[in-house]
Amino acid sequence: NCVKPVVSGPERIVAGYSSGVVGVWDAKALEVMQTLVLHEGEVTDVSPSPRNPRLLASCGMDGKVFLTDMEIGKRLATIKIKGDVPLCLSYSEDSLHIAIGTQKGAILYYNWKNTAEPLYEISDAHSPYPVTAMSFQSLKMSSAPSTPSRAKKAAGGTPGQSPARRNMSEQAFLRTSHERGSLGSTMSSLSASTGFQPGVMVGAG
């Protein structure tokens, strides 16, 4: 159902299947190295860590997102999506955060250190259409303009950050798409507590 390469280590490919299994393949030998039984139902997306070749994020129709150590087959963290289904996900460039697109058109942004609640949420990012794909893109590679934020911070505090404190080299845009959207219709910004400042482009189809 979904296939992603491991870019931070040996040449491997990770594939998610309708049975809930995730297979780790040797890209050269085209052989299965490991089979991980993770989800109850179809795996909707997989996202290997861009910095640690052992770590894998996966989501499924069971409404769960897992962080798994592929070497030992152990789940390290679990995110439970309440009242919705995660369809796609993407690691941030710092590998500390995960962005999740849902069946109801929401975008959720989590820190792996606290999976109880999202850091930020855009509940109407693509609603009523499901978010079908997303990926982070370095700000240095993007010419997308900045617009006022529609992001809602889950905890207390303000979602913004002083421009003087932003590290431009660490900024990134999260591009997302849905089945019937229009390219670049809205730009919103999210600010993580670490100072990492990704932006979210919604409405690409």
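Leaving aside neighbours within four places in sequence, Val65 is in contact with Ser58, Cys59, Ala77, Thr78, Ile79, Ile81, Pro86, Leu89, Ile100 and Trp112. Contact here means heavy atoms within 4.5 Å.

This is a predicted model, in which local features need pLDDT of at least 70, side-chain atom pairs count only at pLDDT 80 or more, and totals for chains, interfaces and linings use all residues. Residues are numbered from 1 along each chain as its sequence is written, and side-chain values use heavy atoms, with hydrogens and water left out.

## Overall make-up

The protein chain has 17 strands and zero helices. Both kinds of element are DSSP runs, numbered from the N terminus: helices are H or I with at least four residues, strands E with at least two. Of the 205 residues in the protein chain, 49% are buried. Buried means under 20% relative accessible area, exposed over 50%, and partly exposed in between, with a 1.4 Å probe and protein chains only. Among contacts in the protein chain with a separation of 6 or more, 52% link residues 24 or more positions apart.

## The cores

Val65 belongs to the largest nonpolar core, which has 15 residues. Val65, Ile79, Ile98, Ile100 and Trp112 touch the most other members. At least two residues each come from S6, strand S7 (64–69), S8, strand S9 (86–91), strand S10 (97–102) and strand S11 (107–111). S6 gives the largest share, three residues. Another core, of 12 residues, lies apart from this one and includes Val6, Leu36, Leu38 and Leu56. A nonpolar core is a set of buried Ala, Val, Leu, Ile, Met, Phe, Trp, Tyr and Cys residues joined through side-chain atoms within 4.5 Å. In soluble globular proteins, nonpolar side chains tend to be buried together.

## The open sheet

Four strands make an open sheet, ordered S5-S6-S7-S8, with antiparallel pairing. Strand S5 (43–48) and strand S8 (74–80) are the edge strands, each pairing on one side only. Neighbouring strands are turned by 20 degrees against each other on average, direction ignored. Axes for such angles are lines fitted to C-alpha atoms, for helices over the stretch in contact, and angles run from 0 to 180 degrees between N-to-C directions. Two strands count as paired if DSSP finds at least two bridges between them.

Strand S6 (residues 55–60) runs antiparallel to S5, joined by five bridges. Val43 has Gly60 as its bridge partner in S6. For Val46, the partner in S6 is Ser58. S5 and S6 form a hairpin with six residues between them.

S6 also pairs with S7 in the antiparallel sense, over five bridges. Leu56 stands opposite Thr68 in S7. The hairpin of S6 and S7 has three residues between the strands, and Gly63 there takes a positive phi near 80 degrees.

Six of the six residues of S6 are buried, so S6 is largely enclosed by the rest of the structure. Leu55, Ala57 and Cys59 point one way from the strand, while Leu56, Ser58 and Gly60 point the other way.

## Rings and charges

The structure holds two aromatic pairs. Rings of Phe, Tyr and Trp (its six-membered ring) pair if their centres lie within 6.5 Å; planes under 30 degrees apart count as stacked, over 60 as edge-to-face and the rest as tilted.

| Pair | Centre distance | Plane angle | Class |
|---|---|---|---|
| Tyr91 and Trp112 | 6.2 Å | 50 degrees | tilted |
| Tyr109 and Tyr120 | 6.3 Å | 35 degrees | tilted |

Tyr91 lies in strand S9 and Trp112 in the loop between S11 and strand S12 (120–122), so this pair ties together parts 21 residues apart in sequence. Both Tyr91 and Trp112 are buried. Tyr109 lies in strand S11 and Tyr120 in strand S12, so the parts tied together are 11 residues apart in sequence. Tyr109 and Tyr120 are both buried.

The charged end of Arg75 sits over the ring of Phe66, 4.2 Å from its centre. The criterion is NZ of Lys or CZ of Arg within 6 Å of the ring centre and within 35 degrees of the ring normal.

## Gly101

Gly101 is placed in strand S10. Gly101 is buried, with a relative accessible area of 0%. Not counting residues up to four places away in sequence, Gly101 touches Val85, Pro86, Leu87, Cys88, Ala106, Val131 and Met134. Gly101 and Met134 are 33 residues apart in sequence, with 7.4 Å from C-alpha to C-alpha.
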